Amino acid sequence: MAGAHSTALANLPHLYPGLARRPRLVAVADVNATLANALATRFGYERVAEDAEAVIAAADIDLVVVCLPPALNREVVLAAASAGKHVVCEKPMAESAENAAIMLRACQTAGVFHGLGAGYRWSPAVRAIGHLIRDGELGTIRSMRASFMLDYGADPNVPLLWRFRRSLSGGGIAIDTGYHLVDCARFLVGEIEAVQALTATFITERPLPGADAVGNRGGDPAQTGPLRSGSVDVEDAAAALVTFEGGAYGVFETSRVAIGKRISLQIEVHGSRGSAEWDLERPDEFRVCLPGDPFTFGFRRVLVNPGHPGANELLIGGTDGTSIGWLGQECAMWAEFLTAIAAGRPGSADFSDGVRDSAVLDAWYAAAERGSRTAVVLPAGL
Amino acid sequence: MSDVLGVGIIGSGWITRAHALGIRTLPHLESLGRPVRITMLAGRDRERGQAMAQRLEVERFTTDWHELVEDPAVDLVANLTAVGGHREATEAAFALGKPVLCEKPLGVDRFESRAMADAAAAAASAGVQAACGFNYRFIPAMRLAREIVLSGRLGRILQFRALYLQDYAVVGSRRQNGSQAVTDYAHIVDFLRYLGCEADAVQATSAKLTDGGPDVEDAYVAAVDLRGGGLASLEASRVARGWKGRQVVEVNGTLGSLWWDMEDLNRLHVFYAADEVDGTGGFRDVLVTQPDHPTLGPWWPAGHTIGWEHGFIHEWHDFASAVIEGRPIPAHQASFEDGYQAAVICDAILTSAREGRRVAIDEMTGIAAAGSAS
C-alpha cells in the first residue's frame, strides 16, 4: 500500500493542477531497509529515515502516512499526533474499535487532520451509486449484497505472513477485506445496527516465511533453514448478515481461499425504486436499473463519465470509455484529503469512520464466536 | 385435404432435427386450427435418412423427393436439403399448389434465387405460401430489435455491423461439404435488411484459411455502403478459434443504438441518447423474456430464458398458421424475395472479393443479370 499511496501522491499534481497544497515526498521508513530504499528511489523520496520516530520528529514533515499491519498502527499514530503531524492511516486502523477510538481522540486532542485509507469509497463508480442513493433515485434501500473474494491464501504453501497472525493483523479476512464491505456499506446505505456471522479457517498450519517476505509474498522459506511451520490463528473466510438503521439488511461474504478470484469485489444495492451494482473487475462502469418503459426495462451499463463526482480529473482521456482503474480511487482520496487539510476541515473519511467500521468488525467477530445476533456497540463517548 | 396439415421434409441433415423440433412443439402454443404432423421424410442416403426418420418417429421414408412432393399426405414441403437441391423440388411443389419452406441460402446464386422468387410470386397469386429459412429473425430479442428500429426510436440508421464467428472448420472432425462461408453465413446479410438497411455497394475480401478440402473461402470481411448514406460491415469466419456461435449484430442510429450476441441470445442491449441525463446514460441490458415481448406470450413467466431452437418453433408457427388460415406470411418472416435479396448481396461480396473492386448492388440485378443468366 505504501507504493500505491506514493504513486497516487506523485501523480496528484498532474491530475489536480489546482490543488491548494502540493505534496512533497520527503522521507520513508521501514524495518526492511531494502524495501525503504527501493521505495525512496522509485518515487523520489528525499531520504530514507532511520525509523518511524525519525519521520515523526522531522521538522520538514507535515503529514505521516501509516501503512503497517493493523496492530502496529496505534503506537505510530499516537506519536505522530502528539508531535502535531497530520495523519492518514491505511485501513484497518486498529484491531478493535476501542483502539481506533484512542487514535481518534489523540488526533482530536492534538487538533491534527486524520484521514482513513478506505479506497473503494473513492471509486467514481461507487461514488456515483452513492449519489443515486442519496438523491432517492433507487428509492428506500431494502438490501445490499457485497462480496470480496480472493485466493491469495488458497495455496497451503503460502507462508505464515503477518496477515495470518492475529498478533499483527488483529484478525483474518474479515478485518482485512470484510472491512471494505463494511466501509462501503456504511458509505452507501448507512450505519449498521446488528450482525449475525460466521468465520471459517481451512488451512491451519503454514510454513514460516523467508526473511525476505513482503506483504502477501512469502519470500524464500529455505532461507530460514530447515522447513518449519506455524499455526494460523485467524479465519480464511467469513460471512455476515447485517441490519442497517432504517430497515435495510445486508449480506456480506469474504474469503482468501476462493480459487480463481484474484480480487473480486462486487456490490449490489436494491431499493424500492431501482437497483445498482458494481464489480471491481470492471471498475469504471456500474449498472443501474431505474423505472422506465416496460418494453426495454433492464439494467443499463453506465460508463463512468466526466459528469460523475470525482471522475473528471481522473478521466485523463477526457471522456468516458477511457477507464480510470484502481489507482484513480487512491488519487481521488488524496485530492480530497489535501484539499481538506488546506481548508482546515475534516476529511470526508476520517478516524470516526474507522471507529465505526471497527465496531462493526468487533460485532462480526463476536457474533461468529457466540453464534447469535450481536449489536454494534460504539466505544463510550462516541 | 385431410384435417391434419401434413409436412414432408426433404433432407436428413442436422437442421432437419431443428425443424422437426419446431414442428412438434407447435401444440405447446395456441391451437393453429389444424394439427401439423411430419408425414414423410426424403433423403438421398437411405441409411442416414431412415435413421433420421426413425429418430423423429416419421413413419414414411423415401430416397426420391418426387415421391414425397407428390404424396397426398404431404400438404406442405420443408426443403431442408443442401442448396443444390432447392430449386427443382420447390418448383415441383408449387406446381402441385403446395406451400414450401425452403432453407437458406435460397438458391445457388442470385440467378437461381431470382427464378425461385419469381416462382414463389406466381404461387402466391394462387394463394400458395413460401418462406425462406432465416430462423434467427424469430429470436425474440431480434424481433424486438426490429420493432425498435422500425418504430424510429433509434432515429436514422447510420451504421450496421454484424459478425458471425465460429471455429468448427478447425475443431474436431466435421468435414467441409464445399459450402461457401459467404452464403453459409447469409444470416448476417439478412439481418442487415431485417433491421431496416438496404445495401448500395460492397467492397469485400475473403480467404481460404484451412488446408486441403474444396477451394472455397472460410472467412470474409465486407464493407457495405448503405442506401441513404449509412455504412455497414460484415464479417464471418469458421476458423475463428474459440468462438462457437458469436453472431453479433449492432445498429447505430442518430438517437440510439442496439446490439445482440447469439451467445447471450435472450438479451438485447439498447441505448437511447435521451437516457443520457443525470449521469445514468448507458446501454440497457434488456432481458427479452417478458410475456409482452415478441413471440413470448405463450411461453414462460418473465426471466425464464428461451434457447436457440425457439426460432424454429416460431418460424413454423408463423408459416403453418399462414398456410392454415390462407393468408400471406407475416412481414417479419423471410420471403423468397428476401432470400433473393440476400443472394444478391452475397454475390456482390463474392464478386468484389474475386475481382478486387467495389461492386454496386444495381450491377447484380436487372439488365446485367438477365444477360448472363444461364
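Reader: Hi! How many bridges join strand S13 (residues 275-279) of chain A to S14(A)?
Author: There are 4 bridges, and the two strands run antiparallel. Strands here are DSSP runs of E, at least two residues, numbered from the N terminus, and two strands pair if DSSP finds at least two bridges between them. Keep in mind that this is a predicted model, where local features need pLDDT of at least 70. Residues are numbered from 1 along each chain.

Reader: Thanks! Which residue of S14(A) is the bridge partner of A:Glu277?
Author: A:Arg287 is that partner. A:Arg287 also stands opposite A:Arg301 in S15(A). S14(A) pairs with strand S15 (residues 298-303) in the antiparallel sense, over 4 bridges.

Reader: And how many residues lie between S13(A) and S14(A) in their hairpin?
Author: The hairpin has 5 residues between the two strands.

Reader: Why is S14(A) largely enclosed by the rest of the structure?
Author: Because 4 of the 5 residues of S14(A), residues 285-289, are buried (under 20% relative accessible area with a 1.4 Å probe, protein chains only).

Reader: What is B:Asp275 in contact with?
Author: Leaving aside neighbours within four places in sequence, B:Asp275 is in contact with A:Arg300, B:Thr280, B:Gly281 and B:Arg284. Contact means heavy atoms within 4.5 Å.

Reader: Last one: what is the mean pLDDT of chain B?
Author: The mean is 94, and 96% of the residues of chain B reach 70 or more. That score is the predictor's confidence in each residue, from 0 to 100. Over residues 367-374 of chain B, though, pLDDT stays under 50.

Technical notes: Chains are lettered from A and ligands numbered from 1 in the order in which they are written. This is a predicted model: local features need pLDDT of at least 70, side-chain atom pairs count only at pLDDT 80 or more; totals for chains, interfaces and linings use all residues. Side-chain values use heavy atoms; hydrogens and water are left out. Buried means under 20% relative accessible area, exposed over 50%, partly exposed in between (1.4 Å probe, protein chains only).
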